[in-house]
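Please keep the viewer at hand while you go through the text.

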Amino acid sequence: MALFGKAREDVQQPPPGAEPGCGCGAPLSPEALAAIERVKTKKDQEHIFFGAVQSVCPTCLAPVSGQLVIRDGQVHMRKFCSEHGRFEVLLATDAKWWLRSLTQTKPGTIPLWHATERKTKCPDDCGLCEDHQQHTCYPLIEITDHCDLKCPICFAENKQAWSMSPEQLQLALDRLGQAEGRAEIVTLSGGEPTLHPRLMELLELTLKHPAADKVAINTHGLKIARDEDLCRRLADMGVYVQLQFDGFNPETYRRLRGADLSDMKRRALDNLSKHKVKTLLITTVANDLNEDAVGEAIRVLFDRDNVYAVTLQPLAYCGDARANALPHDLSRHMTLTTLLGLIEKQMGGVVNKEDFVSIPCSHPSCSAIGYFLKAGQSDWVSIARITHADKILDYLQNKLLIDAESWMRGIKEDQANLETLWSASAVGGAPKVQKALSCCTAAYAKDRNVVGVSKMIGIHGFMDSSTYDQGRAMKCCYHFVTRDGRMMPFCNYNIFHRDADVRRRATEE
Ligand code: SF4
Ligand code: SF4
Ligand code: SF4
Ligand SMILES: [Zn+2]
């Protein structure tokens with residue numbers, strides 16, 4: 001019997017004069033034959049092991065190690081908790097894109113001040129401790145935990161009990177300034193910030209504070225839909241509005257937000273457009289629920305002049321989303337690359353996967369951005385395609401390894417502009433971003449009918465306990481600024497620290 005093909009048949013022919021049992025062809029013992037038979041049953045893994053990360057059990061949050069494996073062109077994380085067993089969660093539907101994104105990274109910037117010391121372990125010392133690998137690009141301050149909605153997917157776990165006083169905001173901004181100097185934009189969030197009785201005062205305070213260049217609010221938009229005067233005042237102050245927008249389907253809103261808000265969203269969009277308020281849409285996408293919202297949000301972006309950006313985010317199962325148990329099939333977990341696939345499918349070639357490049361300041365698996373310039377009446381041109389942004393941003397990782405000066409002399413200026421654009425602190429529609437865009441696309445735009453309007457599409461794959469990777473959190477640049485002045489990576493705050501926040505113990509002012 002040929003066990004290993006020709007080679008085995010060869011050794012089964014004893015050479016002339018060979019001694020029996022010397023191993024060169026004499027009959028093998030039954031035990032040896034059985035062992036060889038067993039060898040035949042050895043199989044290769046069905047996946048490629050890519051590495052291990054520090055993660056947590058999705059059930060009890062105990063620290064566990066996660067194995068990153070690539071199988072059938074997808075990336076998964078496997079983990080084991082001694083109490084709750086084995087888990088495997090989908091991390092990326094497109095392993096090729098994911099692997100490529102890992103090369104788009106750059107050295108972090110050290111914060112000017114660390115609010116916490118390394119005393120125990122990550123993530124317990126969040127704040128930022130001295131082991132953190134990036135400063136704060138995008139600071140967010142929750143100013144109230146009142147909200148008139150009760151979204152089943154809310155991660156804020158509102159207690160309807162607390163609103164920030166101007167003095168408390170002043171302290172948070174002072175601490176932000178101490179750590180960061182000046183942030184491009186500070187977002188006031190909640191809860192629902194428009195329910196804060198002193199919202200205008202807080203906005204003015206933020207705008208005057210040296211730690212903030214611009215200010216934004218995160219809102220569900222109900223007050224904006226009902227109160228045109230509010231829109232007018234926000235426009236006058238130059239406040240950016242980040243509007244929760246999950247598409248136009250009433251059923252989506254019933255499932256994700258607990259009520260049909262589709263008409264309210266239309267009215268909010270109209271009021272914001274009428275008063276030319278700079279608007280960013282934040283679209284949460286859930287499997288089998290509102291995949292269509294991806295195309296709807298991008299079409300609103302391209303159609304409305306005052307809407308300068310869309311951030312698409314896969315539903316993360318934190319806070320109420322975890323507790324309310326919207327169906328969560330780990331093998332189909334919605335990922336950043338799932339959204340890239342949906343964009344391609346729904347935007348019919350106008351927007352493609354290749355138009356997106358990972359943001360290199362945070363961990364490259366966290367988020368990606370694409371920029372688009374208007375050419376002619378209705379065509380949109382991808383900046384990544386005309387500037388080869390991916391190749392230029394690759395330079396960022398190489399500059400530690402090679403002689404950057406000679407390698408990049410020709411496109412150094414483009415690189416600086418692209419670093420401005422592909423940053424978590426980039427504010428679409430803001431003068432700094434517009435300037436960087438016009439510089440690095442000037443050659444392309446020269447002979448074409450390019451209008452100086454740019455639109456930004458971002459994808460942000462927030463983690464939850466199923467996908468948690470400590471390494472991603474350690475390079476995070478999206479930070480909650482807590483009232484006691486700590487900066488905490490969003491994902492860490494939502495997964496581990498929210499309940500312990502000092503605000504939970506604060507009384508109503
Ligand atoms: S995530 Fe960063 S700040 Fe938080 S404990 Fe880890 S290293 Fe420190
Ligand atoms: S997700 Fe936003 S709008 Fe919905 S309940 Fe939470 S804070 Fe309110
Ligand atoms: S908030 Fe989470 S997903 Fe976003 S950059 Fe930070 S660690 Fe990454
Ligand atoms: Zn467990």
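Predicted model: local features only at pLDDT ≥ 70, side-chain atom pairs only at ≥ 80, totals over all residues.

Residues are numbered from 1 along each chain as its sequence is written, and chains are lettered from A and ligands numbered from 1 in the order in which they are written.

**The whole chain**

The protein chain has 19 helices and 16 strands; helices (H or I, at least four residues) and strands (E, at least two) are DSSP runs, numbered from the N terminus. Of its 509 residues, 46% are buried. Buried means that 20 or more other C-beta atoms lie within 10 Å of a residue's own, exposed means 12 or fewer, and partly exposed is in between, with C-beta atoms placed from the backbone.

**Around the ligands**

Here a residue is near a molecule if its C-beta atom, placed from the backbone, lies within 6 Å of it. Ligand 1 has 13 residues around it, and Cys122, Cys126, Cys129, Asp131 and His132 come nearest. That shell holds eight nonpolar, three polar and two charged residues. Ala, Val, Leu, Ile, Met, Phe, Trp, Tyr, Cys and Pro count as nonpolar, Asp, Glu, Lys and Arg as charged, and the others, Gly among them, as polar.

Around ligand 2 you will find, among them, Cys147, Cys151, Cys154, Gly190, Gly191 and His220. By class, the ligand 2 shell has five nonpolar, four polar and two charged residues.

**Backbone details**

Most residues other than glycine have a negative phi, and most peptide bonds are trans.

| Cis peptide bond | Omega | Loop holding the second residue |
|---|---|---|
| Cys122 to Pro123 | near 10 degrees | between helix H3 (95–101) and strand E5 (138–142) |
| Gly190 to Gly191 | near 15 degrees | between strand E6 (183–189) and helix H5 (199–208) |

Leu61, a residue other than glycine, has a positive phi near 65 degrees. Leu61 sits in the loop between strand E1 (48–56) and strand E2 (63–71), and counts as partly exposed because it has 13 C-beta neighbours inside 10 Å. Gln160 also has a positive phi, near 55 degrees, and lies in the loop between E5 and helix H4 (166–180).

**Helix H12**

Which residues of helix H12 (residues 336–346) are buried? They are Leu336, Thr337, Thr338, Leu339, Leu340 and Ile343. Just after H12, Gly348 takes a positive phi of about 45 degrees.
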